[in-house]
Amino acid sequence: MMAKGATQGGIPTANIKRKKSFRLGHDFRTQLELKTMLWPAIIMIVIFDFIPMYGLLMAFKAYDPISGFKGIFTSQWNNFENFMTIFRHFEFWPMVRNTLGINLLGSLVGIPVTLIFALLLNEIQNAKFKSFVQTVTYLPHFLSWVIFGGLFITLLNPDGGIVNFLLLKLGLIDEAILFLGEPKYFWGIAIGTNLLKEIGWGAILYLAAMAGIDQSLYEAAAIDGASRLKRMLHITLPGILPTFMILVIFAISGMLNNNFTQIYVLQNSLNLPASQVIDTYVYRTGLGQFQFASATAIGLMKSVFALALLLGANHLSKKLTKSGLF
């Protein structure tokens with residue numbers, strides 16, 4: 001209990017409380033418009049992120065879609081039977097292999113290629129040409145995969161597609177290849193198309209980090225006789241290391257997440273052995289076959305592993321580079 005007439009720093013406590021109350025009320029009134037703008041985002045988060053969390057109960061229940069929303073709470077518990085059903089399914093391990101293969105190879109190719117592209121772009125002295133290259137490379141990011149994927153489906157078409165036309169003209173192949181009809185080509189197509197679509201957007205992140213490097217470091221290195229390559233290696237790369245590691249952490253944590261729209265657009269019954277990934281399996285099982293309990297179980301399992309990968313990658317990054325996400 002604080003005695004009546006108590007002071008804090010020589011000022012009566014009652015006066016301090018009145019000042020804090022006045023300041024809070026003043027801040028609320030002056031920032032009312034800004035705080036009001038938050039409400040739509042808060043409402044959307046509650047509706048689409050928090051309320052659906054109750055649906056995770058289906059992963060541990062024998063849920064019947066006919067029972068509707070009430071069935072989430074009234075269905076019988078079956079513990080981990082839904083998870084065991086997934087593990088025993090003949091498509092499970094090929095699906096995991098495809099998911100990890102596309103993501104792992106995509107990261108091993110995409111991250112260094114995007115970094116090298118950003119480093120080279122940063123060295124361009126002509127501002128107009130640099131701006132032109134940036135614009136051309138990051139515009140595909142704003143195209144939907146329905147459009148971008150459809151474009152590549154047309155280009156790779158064995159009947160009139162420009163890729164097969166050029167290969168035939170150059171004598172590299174004897175007959176047209178059905179690229180999206182043979183599973184052995186799918187991983188390469190998925191990785192290549194994603195890289196073409198996102199390389200410019202990914203380079204923007206590195207260029208933003210490069211813009212924050214102290215320019216006096218480059219000037220001092222140039223005076224000391226350091227070449228542009230040495231300045232790149234000893235100033236630019238260490239300067240963007242924290243950004244690079246954050247992107248690597250995100251790539252590792254998202255190792256079980258594929259770009260659903262991309263895979264779904266490029267997928268067909270012929271390349272299914274190489275294109276069936278976790279995300280498309282969840283879609284097909286949940287919305288296609290109405291097995292909501294199994295789809296929820298695999299989605300929950302994927303989220304748990306993603307969290308473990310995120311924490312592990314962040315811990316390893318902090319130990320090796322002293323920088324991490326948190």
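Start at the second largest pocket, whose lining divides by class into 13 nonpolar, 5 polar and 1 charged residues. In this classification Ala, Val, Leu, Ile, Met, Phe, Trp, Tyr, Cys and Pro are nonpolar, Asp, Glu, Lys and Arg are charged, and the others, Gly among them, are polar. The model is predicted: local features need pLDDT of at least 70 and side-chain atom pairs count only at pLDDT 80 or more, while totals for chains, interfaces and linings use all residues. Residues are numbered from 1 along each chain as its sequence is written, and side-chain values use heavy atoms, with hydrogens and water left out.

**Second largest pocket.** Select Pro52, Gly55, Leu56, Met58 and Thr296, which lie nearest the centre of this pocket among its 19 lining residues. Two or more lining residues come from each of H15 and H16, and H16 has the largest share, with 6 residues. Helices (H or I, at least four residues) and strands (E, at least two) are DSSP runs, numbered from the N terminus. The pocket holds about 360 Å³ of space. On a 1 Å grid over the protein atoms alone, a pocket is an open set of points where a 1.4 Å probe fits, with protein on both sides within 12 Å along at least five of seven lines; lining residues have an atom within 4 Å of a point. Grid points are joined across faces, edges and corners, and a volume is the space filled by probe spheres set on the points.

**Largest pocket.** Next select Ser107, Ile111, Asn194, Glu198 and Ala251, the residues nearest the centre of the largest pocket, which is lined by 26 residues. Its volume is about 870 Å³. H5, H9 (183-211), H12 and H13 each supply at least two lining residues, and H9 gives the most, with 10 residues. By class the lining has 13 nonpolar, 12 polar and 1 charged residues.

**Met255.** Move to the loop between H12 (241-253) and H13 (260-266), where Met255 is found. Met255 is buried, at 12% relative accessible area. Buried means under 20% relative accessible area, exposed over 50%, and partly exposed in between (1.4 Å probe, protein chains only). Which residues does Met255 contact, leaving aside its neighbours within four places in sequence? They are Thr99, Leu100, Asn103, Leu104, Ser107 and Leu309, where contact means heavy atoms within 4.5 Å.

**Salt bridges.** Show the side chains of Glu91 and Arg284, which meet in a salt bridge (2.4 Å, N to O). Glu91 lies in the loop between H4 (81-88) and H5 (92-122) and Arg284 in H15 (278-288), so the pair ties together parts 193 residues apart in sequence. Glu91 is buried at 13% relative accessibility, whereas Arg284 is partly exposed at 27%. A salt bridge is a side-chain nitrogen of Lys or Arg within 4 Å of a carboxyl oxygen of Asp or Glu; the count comes to 6 salt bridges.

Another joins Glu123 and Arg228 (3.1 Å, N to O). Glu123 is in the loop between H5 and H6 (127-138) and Arg228 in H11 (228-239), so parts 105 residues apart in sequence are tied together.

**Positive phi.** Finish with two residues. Most residues other than glycine have a negative phi. Asn79, not a glycine, has a positive phi of about 55° and sits in the loop between H3 (71-74) and H4. Phe290, also not a glycine, has a positive phi of about 60° and lies in the loop between H15 and H16 (292-321).
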